[in-house]
Amino acid sequence: MSAEQVSGVKPAIFQVAKAVEKVAGSREASRLRRWMETYLLSGWRGRLTGTILPVLVLATWASASALHWVKPIFLPSPWSVVQTFREMLFEEGLLTDFRVSAVIVIEGFLIGAVFGLLAGVGAGLSKTVERLLGPLLNSIRQVPPLAWLPLIVLWVGIGPLAKGVMIGKAVFFPVFLNTLQGIRGVSKDFVEVARIFEYNQILLLRKVVIPAALPSIFVGLRYGAGLAWAVVIAAEMLGGKLGLGYLLVRSQELLLTQQLFVIIVIIGGVGFAVDVVLRRVEGNLLRWKKGFEG
Amino acid sequence: MSNTSIVGLEIQGLTKTFNTNKLAVTALDNVDLRIQKGQFVSIVGASGCGKTTLLRIIAGLEGEFTGNIDLEGDPVKGPSAEKGVVFQEHRLLPWLTIEENVGFGLVYRPSEERKSLVDRYLRLVGLAQFAKAYPNQLSGGMAQRAAIARSLVNRPKILLLDEPLGALDAMTRMYMQNELEKIWLEEQTTMVMVTHDVEEAIYLSDVVVLMSCRPGRVKQTIPITLPRPRRRDHPEFVAIKQALLDEFHLQAKEYFNYEI
């Protein structure tokens, strides 16, 4: 980044801080300035690298449709997609479908994650629990989430419950396996230190085992969150009359390519946003862990 | 300090055998040791002598032995906070700050008491300004000082040190030996240190215990009466060091002959 661009942002931050100082006092002002410097200035410069490729893709897309390289029915222009998005949002109740998908994902994810954590901690702390759960869970795991759909639909119908169960199943395994592995990887050295200070089992779990396993647990949670979102779309495509996945199938059947694009962008965007949030939470919890940063 | 003559640690007929793959290895054979309260005792010997095993048994981290170990009159059963341990690696928890690490053994105490104890021991080891740092931000010597503070904060009856300075460079090591002596003089805790550095043992100890190998036995106990602070070039210091090293080499020769 060149010097002018940086110096263009810095005085602006300074101006804002000055204005805040007038209204709220100098402590708030300096806190705001520090916040803006770290999150806007350094973050902005760093993030720029990540926007290069998306911008390139967008530019190619725009020129391809503007220069009529491809028929609009296969590749609508970015602008028409934005317009379709507005129509869908304000006239066709896109938010309702979005909410339906989002609620199921959150519910399914929470159920899967909670059970995955509990089973993972249980199996991690006790070999007996691991031997007890191992064979059954390992066989269930081999059957992909979507393969359960016919059976689940037969049992509980095609409603939100079926999708919730499928998502829960999909989230459970990465969380369970990573929690188990994380706990098994906790160094005996630390456990010995806790024994010397006469920690009981609960304290040992809270102060040593869980913090040590947390990096691994987060890998499972992030992977599970990605799966949950993917599974809900797939499940909605296969059945039901609501949700983003259903909209996707409908737009394909009605050849509404613009809508197809809108939904695909939304699916990608939401998945990306969820991962960003989880990564930020992870970064906050695992501040102590400084690995290779490239 | 040693003239108080109260028994701190008493070990009688301690034997420990490890069973691995049908092969029984006697790590310690009939070890007797008596350490007075407040003494600094070093255990030296070649590697694989059972020094660390002996220390771990005293700490209560190793079970299934025969013989008696009494700490100030009470038999040792399992690990406890009254037997502080400093390991060769600092074993600070990387997700806790130095302050939280030092207070790790005080979870059962009220928070004001915890805070004042942590502050006091951070000052004792000279880490007060690093209270909020994380272990990976500290040098090896600083991390080991934090580990020492962590095990002293409970006011243990005995502090067991397993080659605590083994991973440090020569200069830091000498500096840490002075620090350790300072802490010991101030706290008057009974300390037992395992080391393979003969000079370090003589520099710090009231008594040096020399162990022989395979099986581990107490070969000799050598009281060191040189006044403190000791000079490493004092003729008597040099003489004791030479005698101990000679023993070492003798042992090494036996060991290699046996192997060939």
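The structure is a predicted model.

In chain A, two helix pairs were examined. Helix H9 (residues 201–238) of chain A packs against helix H10 (residues 244–253) of chain A at an angle of about 50°, and their axes lie 6 Å apart. The two helices, H9(A) and H10(A), are therefore oblique to each other, and their crossing is right-handed. On the H9(A) side, the contact is made by A:Val232, A:Ile233, A:Ala234, A:Ala235, A:Glu236 and A:Met237. H10(A) contributes A:Leu244, A:Gly245, A:Tyr246, A:Leu248 and A:Val249. Nine residues of this contact between H9(A) and H10(A) are nonpolar, one is polar and one is charged.

The second pair comprises helix H3 (residues 78–90) of chain A and helix H11 (residues 257–285) of chain A, which pack at an angle of about 80° with their axes 9 Å apart. Because angles of 65 to 115 degrees count as roughly perpendicular, this description applies to H3(A) and H11(A). From H3(A), the residues A:Ser80, A:Val81, A:Thr84, A:Phe85 and A:Met88 meet A:Gln258, A:Gln259, A:Phe261 and A:Val262 of H11(A). Five nonpolar and four polar residues make up the contact of H3(A) with H11(A), and no charged residue takes part.

Chain B contains seven helices and 10 strands. The C-alpha trace of chain B spans about 55 × 45 × 40 Å along its principal axes.

Within chain B, four strands form an open sheet in the order E2-E1-E4-E5, with antiparallel pairing. Strand E2 (23–36) and strand E5 (74–75) of chain B are the edge strands, each pairing on one side only. Strand E1 (residues 7–20) of chain B pairs with strand E4 (residues 66–71) of chain B in the antiparallel sense, over five bridges. In E4(B), B:Asp70 stands opposite B:Glu10.

The two chains also touch each other. In this contact, 16 residues of chain B meet 13 residues of chain A. The side of chain B that touches chain A consists of 11 nonpolar, three polar and two charged residues.

How values were computed. Residues are numbered from 1 along each chain as its sequence is written. Chains are lettered from A and ligands numbered from 1 in the order in which they are written. This is a predicted model: local features need pLDDT of at least 70, side-chain atom pairs count only at pLDDT 80 or more; totals for chains, interfaces and linings use all residues. Axes are lines fitted to C-alpha atoms, for helices over the stretch in contact, and angles run from 0 to 180 degrees between N-to-C directions. Angles under 35 degrees count as roughly parallel, over 145 as roughly antiparallel, 65 to 115 as roughly perpendicular and the rest as oblique. A crossing is left-handed if the near helix is turned anticlockwise from the far one by less than a right angle, and right-handed if clockwise. Two residues are in contact if their C-beta atoms, placed from the backbone, lie within 7 Å. Ala, Val, Leu, Ile, Met, Phe, Trp, Tyr, Cys and Pro count as nonpolar, Asp, Glu, Lys and Arg as charged, and the others, Gly among them, as polar. Two strands pair if DSSP finds at least two bridges between them.
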